[in-house]
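Please look over the sequence and the structure before reading on.

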Amino acid sequence: MRLEPKDLLEKLEFDKIIALLDKECLGELGRQAIHRLPFMTDVNEIELRLREVSEYKLSISKSDHFPLSQYEDLAEDLKMLDIEGYVLSEDGFVRINTVLVIIGSIFRFFTPDRQKLYPSLFDIIRPVNFDPQLNAAIGKVFDENGDIRPDASPTLLTIRREIGNKQRELDKVFRTLINNYRNSGWLTDNVESLRNNRRVLSVPVEHKRKIRGIIHDESATGRTAFIEPEPVIEINNDIFDLQQEERREILRILKDLSDTLRPYSPTIRQYLSLITQYDVIMTKARLANAMNADMPKLTQGPSFGTEMGKHPLLYLKNKKTGRETVPFDLKLHGENRILVLSGPNAGGKSILMKSVGLLQLMMQSGMLVPMDEISEMGTFENIFADIGDSQSLEDDLSTYSSRLVYMHKFLEHANGKTLVLIDEFGSGTDPKMGGAIAEAILKELNERKVFGVITTHYSNLKMFAFKTPGIINGSMLFDQEHLAPTYMFKAGRPGSSYAFEIAQKSGLSKKVLTYARQRTGKNEVAVDDLLINLQREKKEAEDKLLEITLKERQLEKLIKSYDELHRDLEYRRKKFQLEAKEKNLQVVVKDNREMEKLVRDIREQQNLEMAKVLAEKARLEREEAEKAVIQLEEQIYNEAPLTQFKKAKAGDIQLGDLVRMKSGGSSGTVEAIDKSKAIVQMGPMRLTVKLRDLEHAREELNVQKQKSISVDTLNQIASFENKLDIRGLTPDEALRRVEEFMDRALMTSANNLQIVHGRGTGVLRRTVKNKIREYREVKQSYHPASDEGGDGVTVVEF
C-alpha cells in the first residue's frame with residue numbers, strides 16, 4: 001500500500017491510535033506487532049481480522065473473560081535452549097512456564113459452546129495441538145511462585161531436610177551464645193548480623209578478644225567487629241557444604257529439564273506467536289469497546305460509505321468531558337467519487353476529511369471503526385494526503401511550492417484505487433490563479449477515477465463540482481441565528497464561508513465590515529447563493545427522476561404480474577371447459593346406452609334400416625365429443641404455465657421416460673427400447689413407435705375425470721331412485737341424508753326428485769328448503785298437488 005507523503009500517518013493522527021493500542025498490550029511482542037501493523041488490501045483477509053476483533057469485543061461485552069495475561073519475550077531463552085547441553089536459568093524456565101500456562105488456559109477456554117460463539121478466535125488455535133506434558137515437566141520442578149520445589153528430586157528433598165536440621169541446630173547454639181555474651185556485656189545492641197553468608201555476632205571492638213572465633217568484618221567506624229563464634233563454625237561449614245550439594249543437584253535438575261524441553265522449542269515459539277496474536281486482537285477489541293466501534297460491511301474494490309461515522313480521537317476526547325460528537329453520513333462510490341467540501345472556518349471540514357482517511361487506515365489495518373454496522377467500505381491501494389503547512393526550509397520550498405510538489409506526486413501515481421485528501425485546496429497563492437490550477441488538478445484526478453475529499457473556499461471549485469459528473473458538493477452547516485458552527489455535514493450542496501458573520505461575531509467594527517462588503521461586490525456574494533439554488537434544483541430533479549424510475553419498475557412488475565395472472569386465468573378457463581366437455585361426454589355415453597337399448601328394440605322389430613341410422617348417429621356424436629375433449633386437452637397442455645407442470649426432460653429417451661408423439665396425441669411411458677424403436681404404453685394400448693417420432697413429455701395433465709364413464713358409475717345410474725323419505729328423522733340426520741341424495745342425483749344426471757318430509761311442525765320442510773338453495777343446478781322446487789302429497793312432499797327439478 002502506497003502512502004504519500006511519508007508523514008501521512010502523523011498528519012491523519014494514526015500514530016495516536018497506535019499509541020492507544022500500545023498502552024493496552026500485555027507483552028512487548030504485542031507492542032512490537034502493533035507498531036508494525038500492515039495495511040491490507042485483500043477484502044477476505046481484512047474481514048477475517050475484523051471478525052476476530054469483533055468476537056473478542058463480544059466476549060468483553062458478555063464479561064466472558066478471555067484468559068490472557070502478561071508475558072515476556074522468549075527469543076533469547078529459546079535461542080540458548082536450542083544449544084545442545086546448555087542449561088537454562090531458573091528465570092528462563094519461569095518465563096517459559098508463564099507462556100505455557102497462558103496457552104493452556106486459552107485451549108481450555110474454548111469449550112464446544114465457545115467454539116461456536118467465537119469461531120474466528122478458535123480458528124487461530126484450531127490447527128495447533130497443546131501438549132500438557134510441557135506444563136507437567138516444569139510443574140514438577142517449579143512451584144506456583146517460580147521457586148524450585150523441595151521435592152523436585154528425592155536427593156534435593158534429602159539435602160534440604162538436612163539443611164533445615166543444621167539451621168535449627170545453629171539457631172539453638174546461637175541463642176545460647178547470645179544469652180551468655182549479652183549477660184557479660186560483650187555484644188552491641190544489634191546483637192547479630194550476616195557476613196559472607198554466615199551468621200555473626202556484633203561485638204564492640206574492645207571485647208573482640210574475649211570471644212573465640214573468626215572475625216569476618218568490622219564496621220565502617222571500626223568500633224564493631226563481626227565475629228563468627230567458634231561453637232557454630234563447624235555447623236556453618238556443614239550448612240555451606242549442604243548448600244553446595246543443593247546447587248549441584250539443582251543444576252542437574254535444570255539440565256534434565258532443559259534436555260526435556262529442547263525438542264519442543266519450535267512448539268513453544270508457536271505458542272508464543274499465538275499469544276502475541278491474541279494480544280494484538282485484545283488491544284484492538286478494548287479500543288473498539290472504548291470507541292463504541294463496529295464492523296462495517298466490506299465491498300470489493302474502492303469505495304467509502306459510512307453511516308453515523310465519527311472521528312475516533314474526537315469521540316474519545318468528547319466522551320471524557322461528556323460532550324456529544326456529531327456523526328456524519330458520507331458515501332463515495334462510482335457515481336460520486338470526489339467530495340468538494342466547503343463551509344465556514346472551524347466548522348469541521350478538516351475533521352471530517354481526516355476522519356475519512358483515519359477510518360480507512362484503521363479498517364485496512366484490521367480495526368473496528370466508530371460507525372454504524374450498516375456502513376459499507378471498500379479498500380484502497382494508495383492513500384495520499386495534503387494537510388497542514390508543508391513549508392520546508394531544508395528543501396527551500398514555500399508552503400504553496402511544497403503543495404505543488406505533492407500534487408505532482410499524486411498525479412504521478414493516482415489511479416482508480418486511490419484515496420486523495422486535500423485540505424484548503426488551491427490556497428497559498430493568488431486566489432484566481434490558485435483556483436485555476438486547483439480546478440485543473442481536480443479535473444485530472446477525476447478523469448483518473450480517484451476517490452477523495454477536498455476542502456476549499458473557492459467558488460470556481462464548487463461550480464466545477466456542480467457541473468462535473470463524479471464530483472459532488474458538500475457543506476458543513478452553520479447556525480446563522482447564533483453565528484456558530486453545527487459540525488453537521490450535508491451532502492449535495494456547497495457551503496458558504498460565512499466570513500462576514502464570523503468576523504462580526506469576533507468583534508470587528510461595522511465600519512470595517514461595511515468597507516469589506518463593498519470591496520467584495522454583489523456578484524461574488526451572490527455566487528454561493530446561486531450555487532446553492534442550482535444544487536437544490538438539481539437534487540429535486542434527480543429525486544423526481546428516481547421516483548419516476550421506481551414507478552416505471554413497479555409498473556413493469558405489475559404488467560408482468562398481470563400477464564402471468566391472465567395466462568393462468570386462461571388456463572383455468574380452458575380447463576373448466578375441458579371438464580364440462582368430459583361431463584358432456586358422460587351424458588353422451590348415457591344417451592348411447594339408451595340408444596343402444598332402442599336399437600335392440602328396433603332390431604327385435606326387424607326395422608334394420610332405422611337401427612343402422614340410429615347407431616351411426618350415436619357413433620358420430622360420441623366421436624365428436626371425444627375429439628373435442630382431446631383437442632381441448634392438447635391446447636391446455638401446450639399453453640399451460642410452466643408452473644403447472646414439471647419441465648420436460650432433455651436428452652436421449654430412456655426406459656421409464658414419459659413421451660408423446662411429435663405429431664401430437666396422448667402421452668405414455670416407455671416400456672422397452674429395441675434399437676431405433678420403442679414400445680410405449682399409452683393408456684390401455686401398447687404401441688411400437690420409431691424413436692425419432694417421439695419426444696419427451698411433461699407429466700400428464702391432471703384433469704378430474706368423471707367416473708360416470710366407468711362401469712361402477714353406470715351401475716350407480718341404473719340403481720339410483722329419485723325418491724327420498726326422511727319422515728321420522730332428526731333435522732341433523734335429515735340434512736345429511738338430503739345432502740347425500742342431492743349429490744348422487746347430480747352424479748347420475750337425474751332430472752326430477754321427490755323428497756318426502758311430511759307436514760308435522762314444518763321443521764323438516766324448512767331444512768329441505770334451505771339445503772336445496774345451496775345447489776345452483778336446481779331450476780325449481782315446489783310442492784305437488786294434494787293428491788300427490790301436497791306440502792308434505794318437495795319436488796326438485798334440475
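Which residues gather in a patch of negative charge on the surface? In this predicted model, the patch is made up of Glu72, Asp73, Glu90, Asp91 and Asp147. One of them, Asp147, sits in the loop between helix 9 (132-139) and helix 10 (154-183). Its relative accessibility is 44%, so Asp147 counts as partly exposed.

The chain as a whole contains 24 helices and 24 strands. It has 798 residues, of which 41% count as buried. The accessible surface amounts to about 45,500 Å², and carbon and sulfur atoms account for 49% of it. Of the contacts between residues at least 6 apart in sequence, 68% join residues at least 24 apart.

Side chains of opposite charge can pair when their charged atoms come close.

| Salt bridge | Closest N and O atoms |
|---|---|
| Glu28 and Arg31 | 3.7 Å |
| Lys331 and Glu307 | 3.6 Å |
| Lys771 and Glu739 | 3.5 Å |

Glu28 and Arg31 are three residues apart in helix 3 (residues 28-35), which means that about one helical turn separates them. Together with Asp22, Glu28 and Arg31 are linked in a network of salt bridges.

Lys771 forms a salt bridge with Glu739. Lys771 lies in helix 24 (residues 763-772) and Glu739 in helix 23 (residues 731-747), so this pair ties together parts that are 32 residues apart in sequence. Lys771 is buried, at 7% relative accessible area, whereas Glu739 is partly exposed, at 35%.

Technical notes:
Residues numbered from 1 in each chain as written. Predicted model: local features only at pLDDT ≥ 70, side-chain atom pairs only at ≥ 80, totals over all residues. Heavy atoms only, no water. Patch = residues over 30% accessible without salt bridge, like charges linked within 9 Å, V, L, I, M, F, W, Y side chains within 5 Å. Areas by Shrake-Rupley, 256 points an atom, 1.4 Å probe, with all protein chains shown as cover. Salt bridge = Lys/Arg side-chain N within 4 Å of Asp/Glu carboxyl O. Lys, Arg positive; Asp, Glu negative; His and termini not counted. Charge placed at Lys NZ, Arg CZ, Asp CG, Glu CD. Helix = DSSP H or I, 4+ residues; strand = E, 2+ residues; numbered from the N terminus. Buried < 20%, exposed > 50% of the residue type's maximum accessible area, 1.4 Å probe, protein only. Contact = heavy atoms within 4.5 Å.
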